[in-house]
Amino acid sequence: MRLAIVGAGVSGLSAAYALRASKSVTQIEVFEKSRGFSGRAATRRKNGASYDHGANYFYSEDPLIRDIILNQLPTDGLVVISKPVFVFGESGEITPGDLERDRGEKWVYQPGISQIGKLLVAAVPAERIKVHFEKRVASLERAERSARWTLVTTTGDRFGDFDGVLVTAPAPQAAGLVCSGSVESWAEAGSIKQALGAELALGTYNTQITFVLGYDKKLTSELPYYAAVNTDRKHDIAWLSVEDDKEGHVAGGNSVLIVQMASHWSTANYEHSLEDLLPSVTNKVSVLLAGDQWKSPSWSDVQKWRFALPNSRIDTSRGIFATSAAQHGLFFTGDYTAERGRVTLAMAAGLQVASKIEEFAK
Ligand SMILES: Cc1cc2nc3c(=O)[nH]c(=O)nc-3n(C[C@H](O)[C@H](O)[C@H](O)COP(=O)(O)OP(=O)(O)OC[C@H]3O[C@@H](n4cnc5c(N)ncnc54)[C@H](O)[C@@H]3O)c2cc1C
């Protein structure tokens with residue numbers, strides 16, 4: 001079977017990893033709209049620093065996921081953040097958090113969290129997998145009298161002859177993909193398409209803007225925590241963390257803060273530019289950390305996440321997904337199928353859908 005995977009995030013690459021020795025799924029092609037692996041488990045390099053501007057760290061108590069991370073994949077570069085996560089409420093007072101809640105290890109890779117996707121794909125034999133970067137899939141087609149899928153990109157490129165397609169884009173984007181395709185031979189295509197699109201459109205996400213603030217001085221030594229998280233969701237800052245606490249990310253003598261703004265603030269300010277927003281953000285950071293030294297970073301960066309974390313769950317293993325879609329080789333997965341938006345839950349989702357694909361392929 002030839003399988004196309006839309007999206008090189010953690011869920012899609014975990015599915016590819018799970019199928020790396022499959023007797024039935026022998027060819028996998030991954031189509032990714034960006035230039036790199038791992039989606040929202042994202043790392044960028046700037047001004048000599050590496051920083052994770054999406055997911056901050058990952059962890060799992062699931063024995064299968066632990067086995068993959070700690071035994072099956074290479075562990076050189078896998079490091080643990082040792083400092084704790086503190087908490088703050090609307091008032092902005094930062095205090096030690098609930099140690100029970102913060103008990104799991106905080107895993108990250110020295111080169112950055114996006115290493116996870118690179119390791120997963122590197123474990124798939126090269127002759128079985130091909131990755132196409134900067135290919136945004138616009139629609140899926142299933143031509144008349146054919147049991148094969150064709151992917152059409154936004155630039156009009158067509159990639160055809162796939163027996164199955166796994167869509168791993170966030171649910172609202174997956175809904176758009178399904179609804180824009182042409183599926184002439186897909187039994188009752190119109191109604192199935194609309195019904196699938198409607199189910200996927202129920203998956204909603206919060207929006208977050210991440211700011212990265214770089215300082216050419218070591219300012220963070222005194223902070224007793226790696227990160228502080230807003231627990232009542234009433235503060236404009238949702239999360240603030242110290243990237244220097246991740247081994248290998250920031251050169252000595254410098255500091256980098258990751259500031260993830262709350263959903264309400266991010267939604268209200270989504271259309272504004274970094275330049276417009278930066279003074280207000282650095283001001284909020286300096287109030288939260290009680291010091292004017294935070295007001296003037298030497299450099300900064302921003303990432304807008306329209307679909308940051310899912311706030312509803314869709315079970316793509318049942319109903320119309322299991323019947324009409326999967327029977328035609330069309331599968332969906334991603335963090336929106338799990339309890340919450342987490343790197344390791346997206347991994348588990350990818351592994352699970354891989355077993356459904358394997359069954360279909362037999
Ligand atoms: C700001 C932020 C902070 C977070 N913090 C944490 C954390 O600390 N710990 C944690 O465990 N998790 C965290 N998460 C959540 C975690 O990053 C996600 O749950 C997980 O990475 C989702 O993986 P995924 O494969 O489901 O989706 P994605 O990572 O979104 O992967 C989907 C991929 O599909 C691609 N794509 C989409 N549409 C198309 C298309 N039409 N054609 C081609 N490609 C397409 C995307 O570019 C992307 O690469 C955070 C997320 C954000 C945004």
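Which residues gather in a patch of positive charge on the surface? In this predicted model, the patch is formed by Arg101, Arg233, Arg340 and Arg342. Of these residues, Arg340 is located in the loop that runs between strand β19 (330-332) and helix α9, and Arg340 is partly exposed, its relative accessible area being 47%.

Helix α9, which spans residues 343-361, is also among the elements that cover the buried residues of helix α3. Helix α3 comprises residues 115-122, and because six of its eight residues are buried, the helix is largely enclosed by the rest of the structure. The buried residues are Gln115, Ile116, Gly117, Leu119, Leu120 and Val121. Their cover includes, besides α9, the helices α1 (10-18) and α2 (63-72) together with the strands β8 (107-109) and β9 (129-132).

Charged side chains are also paired with one another, and the number of salt bridges in the model comes to 14. One of these pairs consists of Glu29 and Arg2, whose side chains meet with an N to O distance of 2.6 Å. Since Glu29 belongs to strand β2 (residues 27-31) and Arg2 to strand β1 (residues 2-6), the pair ties together parts that are 27 residues apart in sequence. The two partners fall into separate classes of accessibility: Glu29 counts as buried at 11% relative accessibility, whereas Arg2, with a relative accessible area of 25%, is partly exposed.

A further salt bridge is formed by the side chains of Arg148 and Asp161, with 3.8 Å from N to O. Here Arg148 lies in the loop between β10 (137-142) and β11 (149-153), while Asp161 lies in strand β12 (residues 158-162), so that this pair ties together parts that are 13 residues apart in sequence. Arg148 counts as partly exposed at 36% relative accessibility, and Asp161 is likewise partly exposed, with a relative accessible area of 43%.

In the salt bridge between Glu243 and Lys246, the closest N and O atoms are 3.3 Å apart, and both of these residues are buried. Glu243 and Lys246 are furthermore joined with Asp52 into one network by salt bridges that share partners.

Note on methods:
Residues numbered from 1 in each chain as written. Predicted model: local features only at pLDDT ≥ 70, side-chain atom pairs only at ≥ 80, totals over all residues. Heavy atoms only, no water. Buried < 20%, exposed > 50% of the residue type's maximum accessible area, 1.4 Å probe, protein only. Helix = DSSP H or I, 4+ residues; strand = E, 2+ residues; numbered from the N terminus. Contact = heavy atoms within 4.5 Å. Patch = residues over 30% accessible without salt bridge, like charges linked within 9 Å, V, L, I, M, F, W, Y side chains within 5 Å. Areas by Shrake-Rupley, 256 points an atom, 1.4 Å probe, with all protein chains shown as cover. Salt bridge = Lys/Arg side-chain N within 4 Å of Asp/Glu carboxyl O. Lys, Arg positive; Asp, Glu negative; His and termini not counted. Charge placed at Lys NZ, Arg CZ, Asp CG, Glu CD.
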